Amino acid sequence: MNRSATVLLTALAPVSWGTTYAVTTEFLPADRPLFTALTRALPAGLVLLAVARVLPRGAWWWKSAVLGALNIGAFFPLLFLSAYRLPGGMAAVVGSVGPLFVVGLSALLLGQRPTGRAVVAGVVAAFGVSLVVLKAAGALDPVGVLAAFASAASMSTGTVLTKKWGRPEGVGPLALTGWQLTAGGLLIAPLALLVEGAPPALDAPAIGGYLYLALANTAVAYWLWFRGIGSLTATQVTFLGPLSPLTAAVVGWAALGQALTPVQLVGMGLAFGATVAGQLRVGAARGSRRLFSSAEGNGRKDSMDVTGSALRR
């Protein structure tokens, strides 16, 4: 598969995550974010494990646990905490600094020299997202801000480590995704029970909503995401992230009757432009891909309004 097709398929993951807010507000029980995170992660992980029929071996038991904690188990609760403690849209804005985290971590862990273009694109992406989702007001809660930065750092670190470690020989992205979702879901389960208590009663729309989130929005979307990490650079993948709040804004306008202001449209253009810029290759990126291939070894054969969408990504 050529690189452009890989980018487009990987982009479907954040686009899918951008539909989460509408599904959650329209079909799911209110105020159960941890239960929603659990029902997304654990069933999706178990389904992928059943399909792949491959379990981790050796060091991949602890590597899967680490990646599952960073990408799912810690990321979801931290993002929930930030979204509930910060004014509307602020959690998504803070989370949009993820590409800058990945640029720095790629230099530290992967030996990829940061480029000026990547840094500028990361700043523009965060600014564009802020124009789309940020609303007036409210005092900033220090715990919420810290949780938002920690969630972005957690997912960014998980993305870079997924790139660094690659996959075991003979193991595809489907199994790797199943390992991480299962590990993350198992970490969320006791927290959800402790904080939110017993599961709520579910009607037919809620069951349908949870099935969509677990299968399309999580199992398929995260499989595409981790598959993309295996074929693209970590920086290229993370620059697709702003598509999630942009999709949420479009869905809110098209399906929920939410207006889009001229300022939001400008922000969408800036964020989308930064996303495209993040996919452009330069000589340094091509050189870094050779380093990534060496680091991965045999694991790789080829080289709330909108806040809600980020909340349940």
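Student: Leaving aside its neighbours within four places in sequence, which residues is Leu213 in contact with?

Tutor: Apart from those neighbours, Leu213 is in contact with Thr20, Val23, Thr24, Leu28, Thr36, Arg40 and Thr218, where contact means heavy atoms within 4.5 Å. Please keep in mind that this is a predicted model, in which local features need pLDDT of at least 70 and side-chain atom pairs count only at pLDDT 80 or more, while totals for chains, interfaces and linings use all residues. Residues are numbered from 1 along each chain as its sequence is written, and side-chain values use heavy atoms, with hydrogens and water left out.

Student: OK, and where is Leu213 found?

Tutor: Leu213 is found in helix H11, and the helices here (H or I, at least four residues) are DSSP runs numbered from the N terminus, as are strands (E, at least two).

Student: Does Leu213 count as buried or exposed?

Tutor: Leu213 counts as buried because its relative accessibility is 0%, with buried meaning under 20% relative accessible area, exposed over 50% and partly exposed in between (1.4 Å probe, protein chains only). The C-alpha atoms of Leu213 and Arg40 are separated by 5.7 Å, although the two residues are 173 residues apart along the chain.

Student: Which residues touch the most other members in the largest nonpolar core?

Tutor: That core has 30 residues, and Ile72, Phe76, Tyr222 and Trp225 touch the most other members; a nonpolar core is a set of buried Ala, Val, Leu, Ile, Met, Phe, Trp, Tyr and Cys residues joined through side-chain atoms within 4.5 Å.

Student: And which helices each supply at least two residues of this core?

Tutor: They are H1 (3–17), H3 (33–52), H5 (75–85), H10 (173–196) and H11 (204–231). H3 gives the most to this core, with 7 residues. There is also a second, separate core of 13 residues, which includes Leu86, Val133, Leu246 and Ala271.

Student: At what angle do H3 and H5 pack?

Tutor: H3 and H5 pack at an angle of about 150°, with their axes 10 Å apart; axes are lines fitted to C-alpha atoms, for helices over the stretch in contact, and angles run from 0 to 180 degrees between N-to-C directions. That angle makes H3 roughly antiparallel to H5, since angles over 145 degrees count that way, those under 35 as roughly parallel, 65 to 115 as roughly perpendicular and the rest as oblique.

Student: Which residues make the contact of H3 with H5?

Tutor: Pro33, Leu34, Ala37, Arg40 and Ala41 of H3 make the contact with Phe76, Pro77, Phe80 and Tyr84 of H5. By class, the residues of this contact are 8 nonpolar, no polar and 1 charged, with Ala, Val, Leu, Ile, Met, Phe, Trp, Tyr, Cys and Pro counting as nonpolar, Asp, Glu, Lys and Arg as charged, and the others, Gly among them, as polar.

Student: Switching to H7 and H9, how do their axes cross?

Tutor: The axes of H7 (residues 98–110) and H9 (residues 142–165) come within 9 Å and cross at roughly 40°. That makes H7 oblique to H9. The residues of the contact of H7 with H9 divide into 10 nonpolar, 4 polar and 2 charged.

Student: What about Gln180, is it buried or exposed?

Tutor: Gln180 counts as buried because its relative accessibility is 0%, and this residue lies in helix H10. Not counting residues up to four places away in sequence, Gln180 touches Ser64, Leu67, Gly68, Asn71, Ile72, Thr162 and Phe226.

Student: And where does Asp31 lie?

Tutor: Asp31 lies in the loop between helix H2 (20–27) and H3, and it has a positive phi of about 60° although it is not a glycine. Asp31 is exposed, with a relative accessible area of 58%. Arg53, found in the loop between H3 and helix H4 (60–73), has a positive phi of about 55° although it is not a glycine, and at 74% relative accessibility Arg53 counts as exposed.

Student: Last one, what does Leu270 touch, not counting residues up to four places away in sequence?

Tutor: Leu270, which is found in helix H14 (residues 262–277), touches Val124, Phe127, Gly128 and Leu131 when those residues are not counted. Leu270 and Phe127 are 143 residues apart in sequence and 7.8 Å apart in space, C-alpha to C-alpha. At 30% relative accessibility, Leu270 counts as partly exposed.
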